[in-house]
Amino acid sequence: AFVTALMGSLDPGSSYNVLVPMGAFCILRGSIALGEFSERVTPRFGLRPVLVAALLAFATLIRDPRPYWLPVAAARTAYADLLATVRALPGSVYAPGIGQFVSGPTLYPAAHWIAVEDIMRGPRRTAADSALARQLIDSARHPSGVAFMLTNRPIASLSAPVRELAPSYTLVQDFGNRFAALEPLPRPFDTGFPRYLYRSSSDGASGSGH
């Protein structure tokens with residue numbers, strides 16, 4: 001469990017999920033240890049040492065709660081703004097950081113960047129896996145009409161195969177912090193929020209970031 005957490009944390013794209021096996025081990029073993037400690041010390045010293053040990057066990061979880069307070073009203077407003085923005089675009093929209101909305105306009109293709117990256121990475125992957133990952137986003141690479149991409153970061157900084165779309169798209173707008181209220185909870189790997197709007201350069205359009 002500890003080796004898994006160590007190796008997972010070395011991946012620059014890792015998040016808290018790589019600590020799940022270690023966390024489960026620590027919770028189970030810690031609970032058993034507290035129970036054994038209670039059986040040994042309670043008859044002689046009462047419950048006070050057990051309570052102190054329990055408080056020390058939870059002390060590692062103490063942190064500033066403010067980053068975890070979600071601005072619900074601002075997030076709802078930003079989400080409605082995002083849906084309206086996507087609906088107003090005169091073409092298909094691929095948002096690799098979103099995948100698909102729960103409700104609202106349909107994003108096409110719907111493949112999330114994590115899914116297509118996972119298909120390509122890791123041991124025992126073959127050329128067929130890479131081909132499948134690229135096929136899932138091929139409609140964004142070769143759109144049949146006007147196509148847009150809405151990304152959290154510049155396309156060239158994303159992982160394969162999504163970053164391979166960079167030569168086919170031109171930045172037309174940087175929304176800045178307009179949708180910042182949609183940023184997820186704090187985590188080691190910050191996924192950001194919708195910010196950069198690109199347009200396919202194969203439909204005859206040209207533009208520049210502004």
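These notebook entries record what I looked up in a predicted model of a protein.

**Conventions.** I number residues from 1 along each chain as its sequence is written, and side-chain values use heavy atoms, without hydrogens and water. Local features need pLDDT of at least 70 and side-chain atom pairs count only at pLDDT 80 or more, whereas totals for chains, interfaces and linings use all residues.

**Fold.** I found seven helices and four strands, taken as DSSP runs (helices H or I, at least four residues; strands E, at least two) numbered from the N terminus. Their order along the sequence is α-α-α-α-β-α-α-α-β-β-β. The radius of gyration over C-alpha atoms is 23 Å, well over the 17 Å that the globule rule gives for 210 residues, so the protein is more spread out than a compact globule. That rule is 2.2 Å times the number of residues to the power 0.38. Along the principal axes, the C-alpha atoms fill a box of roughly 85 × 45 × 25 Å.

**Burial and cores.** I noted 28% of the 210 residues as buried, meaning under 20% relative accessible area with a 1.4 Å probe, protein chains only. A nonpolar core is a set of buried Ala, Val, Leu, Ile, Met, Phe, Trp, Tyr and Cys residues joined through side-chain atoms within 4.5 Å. The largest has 18 residues, and Val-162 is among those with the most contacts inside it. Helix α5 (113-120) gives two or more residues to this core, as do β2 (147-151) and β4 (196-200); the largest share, three residues, comes from α5. A second, separate core of 15 residues includes Leu-82 and Phe-175.

**Val-162.** Beyond four places in sequence, I listed its contacts (heavy atoms within 4.5 Å), including Tyr-94, Trp-113 and Met-149.

Conventions: Buried means under 20% relative accessible area, exposed over 50%, partly exposed in between (1.4 Å probe, protein chains only).
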